[in-house]
Amino acid sequence: MKLKTFVAAAVVGVAALMPSTALAATGGFHWSPDGGAQSASLQNPRPGKCYTLHGAHPPFYAYNDTGRTAHYYSSAGCSGYKGSVKSGFSANVTRYVKFY
């Protein structure tokens, strides 16, 4: 009986330590759609979802304040990996981004 209790506790403990990819990133990803000030943003983007940034002047100057790394891509559907922007950093990014 004690072995079952120990195994159940171990499974719960391991599950608590595993990263959760279903939770949204907390914070915003801000970019400049017109080449000026950062005036567009995504709030609390979902990890693994491909987002299309809208604006007239890509690559966009962006600031990542989400707590996750933003990866940017050359093609729709987030294919053609180009680079990444860690939380707390800025970069010029392409139109397609995904957060991990």
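Predicted model: local features only at pLDDT ≥ 70, side-chain atom pairs only at ≥ 80, totals over all residues.
Residues are numbered from 1 along each chain as its sequence is written, and side-chain values use heavy atoms, with hydrogens and water left out.

The protein chain contains one helix and eight strands, arranged from the N terminus as α-β-β-β-β-β-β-β-β. Helices (H or I, at least four residues) and strands (E, at least two) are DSSP runs, numbered from the N terminus. Of the 100 residues in the protein chain, 32% are buried; buried denotes under 20% relative accessible area, exposed over 50%, and partly exposed the range in between (1.4 Å probe, protein chains only). Among contacts (heavy atoms within 4.5 Å) with a separation of 6 or more, 53% join residues 24 or more positions apart.

One disulfide was found, the criterion being a pair of cysteine sulfur atoms within 2.5 Å. The sulfur atoms of Cys50 and Cys78 lie 2.1 Å apart. The torsion about their S-S bond is about 85 degrees, so the disulfide is right-handed. Cys50 belongs to the loop between strand E2 (40-43) and strand E3 (51-52), and Cys78 to the loop between strand E5 (70-75) and strand E6 (79-85), so the pair ties together parts that are 28 residues apart in sequence. Cys50 is partly exposed, at a relative accessible area of 25%, whereas Cys78 is buried, at 9%.

Four strands make up an open sheet with antiparallel pairing, in the order E3-E8-E5-E6. E3 and E6 are the edge strands, each with a single partner, so one side of each has no neighbour in the sheet. Pairing requires that DSSP find at least two bridges between two strands. E3 and E8 (residues 96-99) are joined in the antiparallel sense by two bridges, and Thr52 stands opposite Tyr96 in E8.

Ser32 is located in the loop between strand E1 (28-31) and E2 and is buried, with a relative accessible area of 2%. The Ser32 side chain reaches the backbone nitrogen of Gly35 at 3.1 Å. With residues up to four places away in sequence not counted, Ser32 touches Ala37, Gln38, Ser39, Phe60 and Tyr61.

Terms used:
Polar contact = N/O pair within 3.5 Å; in protein donor to acceptor, adjacent residues only side chain to side chain.
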